[in-house]
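Reader: Can we go through this one together? I'd like to start with where the chains meet.

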Amino acid sequence: MAAVLPTLRWREPSILPGFGIALGITLTALSLVVLIPLAALFLKAASAGPADIWAVATSPRTLAALRLSFTGALFAASVNAVFGLILAWVLVRYEFPGRRLVDAAVDLPFALPTAVAGIALAAIYAPNGWIGALLAPLDIKVAYTPLGVMVALIFIGLPFVVRTVQPVLEEMQGDVEEAAALLGASRWRTVFRVILPPLYPALLTGFVLAFARAVGEYGSVIFIAGNVPMVSEIAPLLIVIRLEQFDYAGAAVVATIMLLLSFALILAVNLIQAAARRRFGDV
Amino acid sequence: MSEAALHLPAVPPSRAGAQRVRGESLVVRCLLIAVSLAFLALFLLLPLVSVFVEAGARGFAAYQAAITEPDAVAAIQLTLLVASIAVPFNIVVGIAAAWAIAKFEFRGKNFLVSLIDLPFSVSPVISGLVFVLLFGAQGYFGAWLKANDVQIIFALPGLVLATVFVTFPFVARELIPHMQALGSADEEAALTLGASGWRVFFAITLPNVKWSLFYGVLLCNARAMGEFGAVAVVSGKIRGLTNTMPLHVEILYNEYMGAAAFAVASLLAGLALVTLALKSLLEWRYGDAIAASRRH
């Protein structure tokens with residue numbers, strides 16, 4: 001058939017060897033390590049039956065944990081979008097002593113194990129910690145409150161925005177903003193009307209990456225969160241608790257809801273991106 | 001020479017001249033730099049410094065005792081063992097995936113790339129959970145595994161599986177864009193000249209992408225050794241047996257042995273600093289070679 005209808009061929013011919021074995025290894029490993037285990041998760045969640053799924057999904061504790069994880073991640077990703085943009089701008093546009101060191105340091109949250117970050121943040125923001133002690137007289141409690149969750153999520157998501165905005169900013173040619181300035185636009189106006197709009201897609205991508213990481217984050221959060229049910233208990237922790245109670249189906253249902261919600265959000269943003277690209281060209 | 005001349009117009013105008021038109025005032029510039037540095041100091045530098053300060057709080061003897069006690073040594077060994085299995089596995093699969101995706105055109109390629117990236121958007125806890133659902137006592141294969149006396153969860157295989165899941169995309173992600181950017185002309189020429197497929201790979205492809213491969217391995221290894229959530233779910237946290245370094249840190253911390261917890265944590269923080277240093281070195285030295293995959 002393939003010879004008769006060459007347009008239906010599923011891969012272009014090539015003289016390079018090894019396609020079969022390379023794709024074979026990839027698909028086998030991908031299936032065994034990632035796809036089949038994830039399928040088992042959905043299967044387990046589905047096997048709970050609609051009544052049980054509904055009961056788990058709408059229990060106040062599940063809803064509170066999901067609300068904290070998703071609103072916390074949205075808040076942290078927003079903070080990261082603002083400061084990440086400023087950081088990327090400073091790193092690309094300005095020369096100052098130690099710039100390269102700062103540039104390298106941005107990736108620290110990628111490299112530092114989350115448990116280490118977790119106990120360090122908890123120690124700093126505890127009431128007797130370096131920052132906690134400064135905030136205590138102001139009656140601000142960070143550690144062991146939802147605010148502590150935000151701090152950990154901001155830490156973990158910071159590199160994503162910087163690293164997606166930075167290359168776009170580096171490649172931006174100066175001629176457009178020079179033209180804007182020569183035509184009489186103020187610097188303020190040039191920044192917001194000429195420089196920032198082409199950065200929005202990268203900024204949005206960085207925001208989504210930071211958000212996706214923050215929603216599922218566990219290690220850096222549990223030490224500083226205090227983990228009070230209904231107050232500062234994140235969704236991944238609720239999964240661990242259900243698992244420790246040998247409630248496999250309950251754990252699977254919470255996990256499935258989390259995955260589906262974050263996939264839906266990522267998909268929605270990708271669709272917005274694609275629409276924006278069609279409208280404004282590939283920026 | 002003519003090539004250099006052709007490239008001249010692309011060079012940006014000198015900063016001094018452009019600054020007046022393009023730049024911000026000195027006040028704004030200093031303000032933005034100050035805000036950036038303050039934010040980094042508060043959220044990144046302070047936690048890092050605190051790890052080493054807290055680790056040394058009880059003096060050197062206590063530090064040494066904390067990292068040489070038998071459970072800590074067992075945790076260090078287990079972490080190294082898990083990484084030494086998971087990382088090579090992901091190197092082989094990452095190279096295979098990059099070869100198939102970068103060198104060939106086939107349907108469903110973009111979908112395959114998305115599937116390889118999938119573990120990045122799955123919570124670490126879920127990455128561990130899926131293996132408990134498969135291989136745990138009440139899991140789909142639990143009864144069969146028990147009858148045949150095979151232990152996966154609360155044992156080394158589970159730790160390796162969870163680590164492989166979490167670090168699956170790292171090597172492929174760095175190699176694919178670099179190999180795509182290089183194209184296949186060199187390989188095709190070597191094949192026409194009679195080289196075997198393996199020879200082409202080892203003599204041409206591998207040397208071409210060695211720095212981005214190293215870059216991917218570096219990030220993969222850092223994550224493999226530092227992984228917490230996925231491993232916490234499958235480990236069972238049996239001291240001296242299934243406790244990796246990050247889990248050992250957690251147990252010590254929860255038992256209010258803060259100084260000991262930070263002592264072991266300082267080893268992991270040291271690993272993170274070495275990773276960052278090597279990573280920056282690669283970016284400065286071989287930035288062009290790995291530019292395609294550098295930022296993500």
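Author: Chain B and chain A bury about 8500 Å² between them, 78% of it on carbon and sulfur atoms; buried area is the accessible area (1.4 Å probe) that two parts lose on being put together, summed over both. This is a predicted model, where local features need pLDDT of at least 70, side-chain atom pairs count only at pLDDT 80 or more, and totals for chains, interfaces and linings use all residues. Residues are numbered from 1 along each chain as its sequence is written, and side-chain values use heavy atoms, leaving out hydrogens and water.

Reader: How many residues of chain B are in contact with chain A?

Author: 90 residues of chain B are in contact with 98 residues of chain A, contact being heavy atoms within 4.5 Å.

Reader: And what is the count of salt bridges between chain B and chain A?

Author: One. Lys279(B) pairs with Asp107(A), with the closest N and O atoms 2.3 Å apart; the rule asks for a side-chain nitrogen of Lys or Arg within 4 Å of a carboxyl oxygen of Asp or Glu.

Reader: Which helix gives the most to that side of chain B?

Author: Helix α3 (residues 26-55) of chain B, with 19 residues. Helices here are DSSP runs (H or I, at least four residues), numbered from the N terminus.

Reader: New topic. Which residues are buried in α6 of chain B?

Author: Lys109(B), Leu112(B), Leu115(B) and Ile116(B) are buried, meaning under 20% relative accessible area, with exposed over 50% (1.4 Å probe, protein chains only).

Conventions. Chains are lettered from A and ligands numbered from 1 in the order in which they are written. Helices (H or I, at least four residues) and strands (E, at least two) are DSSP runs, numbered from the N terminus.
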